[in-house]
Each structure stands twice: as structure tokens, then as C-alpha cells.
Amino acid sequence: MSNTLPNATRSARISGFHKMSPKQRRAEVESFAGLDASAAEQLAKPGNIDPHLADHMIENAISTISIPIGIATNVKVDGRDVLVPMATEESSVVAAVCNSARQCYDAGGFITSMSGTEMIAQVQLVAVSDPENARLRILERKAEIAALCDSCDPMLVKLGGGFRNLEVRIVDSRGGPMVVTHIIVDTRDAMGANAVNTMAERLAPGIEQWTGGKVYLRILSNLADRRLARARAVWPVAAIGGEAVRDGMIAAYHFAEADPYRASTHNKGIMNGISAVVLATGNDTRAVEAGAHTYAARKGRYTSLTHWEADKEGNLVGSIELPLAVGLIGGATKVHPTAQACLKVIGVSSAEELARIIAAVGLAQNFGAMKALATVGIQQGHMSLHANNVAIAAGAVGDEVSALARILVEKKQVRQDVAVEELAKLRGQG
């Protein structure tokens, strides 16, 4: 059978691609992929970021993709009302936070705290015949290591951050024992990856000299367990629909706490909210997600990031704790104009404050998902909102979108084929 793909005889080895302008790169991609005029025109749209900026943020840029930004209302964190920007493509995420926050608003909203703003960089040392002795040799150099690390970023030190502590672990591996040095650094209002990576790389030659071993990896850990954000809230039992709803939600939590198959989706729902705020503020969604899921398995098995119980009055009490390495300075947070605008909307003055609000959103998202699962099921609310997307995909425009979405929900058939058929009826073509 012959290959009929448009790029079947073309090579992806395009000389000098990285030196081209975005427009020139698009032309190459359009030719390679055989794009029609509609697709080519879509890639040429700049969105809400300047093409010049996009070209310098990543390599080989040809376009940008816009994700809707919604606002979560009703959110009260530590006594302060906030509007929270959330960037997501998934229906019902923003609505879930709004509804969940509303139901605990009168009970005080969310109370939050933070363990600190410290990050960890790791330096991996191998080929050491006496790992225990090497460990002590490194620990003996703590003052010297502190001075070296702080010299890497004087501005961080000036702002109150810098080296905080030193840990050295012996890790048994398939290739033999490894001596792993942890540099603990307070990165303040930065996520801190660049700062701690620089320190680790600067430290590596010294560790080799002191121990006679060989350093390979020297990089931060995304298990930022020195940077834990915590949030808790009380939902009055009367506000959530009574004791049966409360008990069903607690049973849902018990399921997630006990079973990794359930915990995976349970925590995914939490991250729906968290990642949306992380993305809207220009922070690193992959780093936050990696840290959260690793933290969920810290006790040897994967489990829930949240905890749910009833207080002595019978109200539902929820809490969350997870690593949240986010920043206000550096990376896309500092250069992306939409991220900067979202930070102004949320109105935070420190990375710690931002992390605490994000934790509250994660808890609210989890409440919304569990309540839906314990009552009407997740599909009723989600599909009601998803119906709009299906209507648009079927070709509905203007007022047709809401009208068609309503028909799909009423029929309980939120499907593309049904949408096409019902749209034809709306237009008098059926």
C-alpha cells in the first residue's frame, strides 16, 4: 500500500530552520504538511502575544495557541476576596471552583499556610569507594558551600534568599551507591530553577575534588517538599445538601485514599484547578504537576492529595497539602503580558501568597468533583457545559450555539452526530 500522506516524500531535516523568521518557518511547515488555506491562515494569527516575543520564548516558533481564561468568583482566602484567573480548555473547571467557593464563603472561605519558599538542587556523585566517608567530607564543607552558592546570585541574597542548608544522602542504585548532595536554597519570589541549577553546577567540581568521585547530574528536584502549600475549608452540611451528600463525598475520598486507580482521577481533578491558575500566571505547569503527583506517592503508594472528614457539628471539612513551586519573577511569568495581567487581577505581592491561593483553588476543585460524583454524577454538569463545544464543532454560530446546546442536554445526547442532525432541524433543513 502506498503512503498517501502529504509529507511522505519530504524530509523533516530542514537546513537553517532555527535561523528563519516565524513567517518563513510557517511557509516551510505549510509546504511540508500540505496545509490548506484555512489552516495556514489560523497559524498566522498572532493571538494575544507579540510574534517577536513568542519567537524569543521558545525555539522554532511558528505560531501561538490561545487558551480561554476564565475568572473564578466567590473565592475568599485568609479573609480576602480574590478573583482568580484560570486558563483551561476543559468545560466545567471554572464553574466548579465558583460553585464550591460559594458554598464555603459564609463559613469563612479558605484558610491557608505555607511551609516556606525553599528549593532543592541535587548533585549526583558516583564511583566513590568510600561513600560514607565522602558524605562526611562534603558535610564538613558546609560553610564553604554556602559561600559558593550565595556568590552565584547576590541579588537573591540581597532580597533575603540564598543558601539555607546542606544534606548528603547515600542512595543505593542498580549501578552501586551514589552520594547525592542536596543544596537547600530559599528562592523567595522566584520559582528558582535557574538559581539552584547554577549553584549545583558551580559546586560540582569541588565535590569531585573533595571525594575523588565523578559528578554527573546537577539539577533541581521538582519534589519541592520544602515548599508545601496548604489550604483548608469548612462546608456547612446544610449548604451542601445535607448529611447524605456529605457522607457520599467522604466515601468518595475514602475510595481515592485507598485505591490508586481512583486516586489518579481524583488528583487529576485537583490539578484541573491548580494547573489552570499556574498556566494563567505564566508558571511551569509540568513542574507543579510532577511535584504534586510525586508527593501523592511519598509514603510508598499513590494516594489522595486531599483529606476529607466531618467536624463535631457534622460539617464537611476539607484540606490539601502539596508542593507548589511558583514564582512572580523570571521565566514566562515576567515576560508574558497576559501572565502579568493575570497576576494583577489576582493581586498578590509574593510567590507564597500566590501558592496559597492556588492550593485553595485545588481544594475547591476537588470539592466540586466529589460532590458531583456523590450526587448527580460528573456528566450532568460537565456535559451541560461541554454541549457548547459540541455545538460549535457541529457548525453552530451566534445564538444557534446556546439553542443547540440546550437541545443536546435535554435529549441527554451530547454527541457530534446528534448535534449535526439537530442543527439541520434548527435551520429548517431537517
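## Salt bridges at the end of the chain

Glu400 is partly exposed, because its relative accessibility of 21% lies between the 20% below which a residue is buried and the 50% above which it is exposed. This value belongs to a predicted model. Glu400 forms a salt bridge with Arg427, and the closest N and O atoms are 2.8 Å apart. The pair links distant parts of the chain: Glu400 belongs to helix H16 (residues 399-411), while Arg427 lies in the segment after H17, 27 residues apart. Arg427 is also partly exposed, with a relative accessible area of 39%.

A second salt bridge joins Glu421 and Lys425, with the closest N and O atoms 3.6 Å apart. These two residues are 4 residues apart in helix H17, so about one helical turn separates them. Glu421 is partly exposed, at a relative accessible area of 45%, and Lys425 is partly exposed with a value of 45%.

Helix H17 (residues 416-426) also holds Glu422. This residue is buried, with a relative accessible area of 8%. Apart from neighbours within four places in sequence, Glu422 is in contact with Leu404, Ile407 and Lys411.

## A salt-bridge network

The structure holds 18 salt bridges. One of them joins the side chains of Arg356 and Asp78, at 2.9 Å from N to O. Arg356 lies in helix H14 (residues 351-374) and Asp78 in the loop between S1 and strand S2 (80-87), so the pair ties together parts that are 278 residues apart in sequence. Asp78 is partly exposed, at 35% relative accessibility. A network of salt bridges links Asp78, Glu352 and Arg356.

## An enclosed strand

Strand S4 (residues 118-126) is largely enclosed by the rest of the structure, because 7 of its 9 residues are buried. S4 pairs with strand S6 (residues 178-186) in the antiparallel sense over 8 bridges, and with strand S7 (residues 214-220) in the antiparallel sense over 5 bridges. Ala121 stands opposite Ile183 in S6, and its bridge partner in S7 is Leu220.

## A buried loop residue and a surface patch

Thr303 is found in the loop between helix H11 (285-296) and strand S9 (306-310). Thr303 is buried, with a relative accessible area of 15%. Its side chain reaches the backbone oxygen of Glu257 at 2.8 Å. Not counting residues up to four places away in sequence, Thr303 touches Ala256, Glu257, Ala263, Asn267 and Ala296.

Ile58 lies in the loop between helix H3 (51-57) and strand S1 (69-77).

Notes. Residues numbered from 1 in each chain as written. Predicted model: local features only at pLDDT ≥ 70, side-chain atom pairs only at ≥ 80, totals over all residues. Heavy atoms only, no water. Buried < 20%, exposed > 50% of the residue type's maximum accessible area, 1.4 Å probe, protein only. Contact = heavy atoms within 4.5 Å. Pairing = 2+ DSSP bridges. Polar contact = N/O pair within 3.5 Å; in protein donor to acceptor, adjacent residues only side chain to side chain. Salt bridge = Lys/Arg side-chain N within 4 Å of Asp/Glu carboxyl O.
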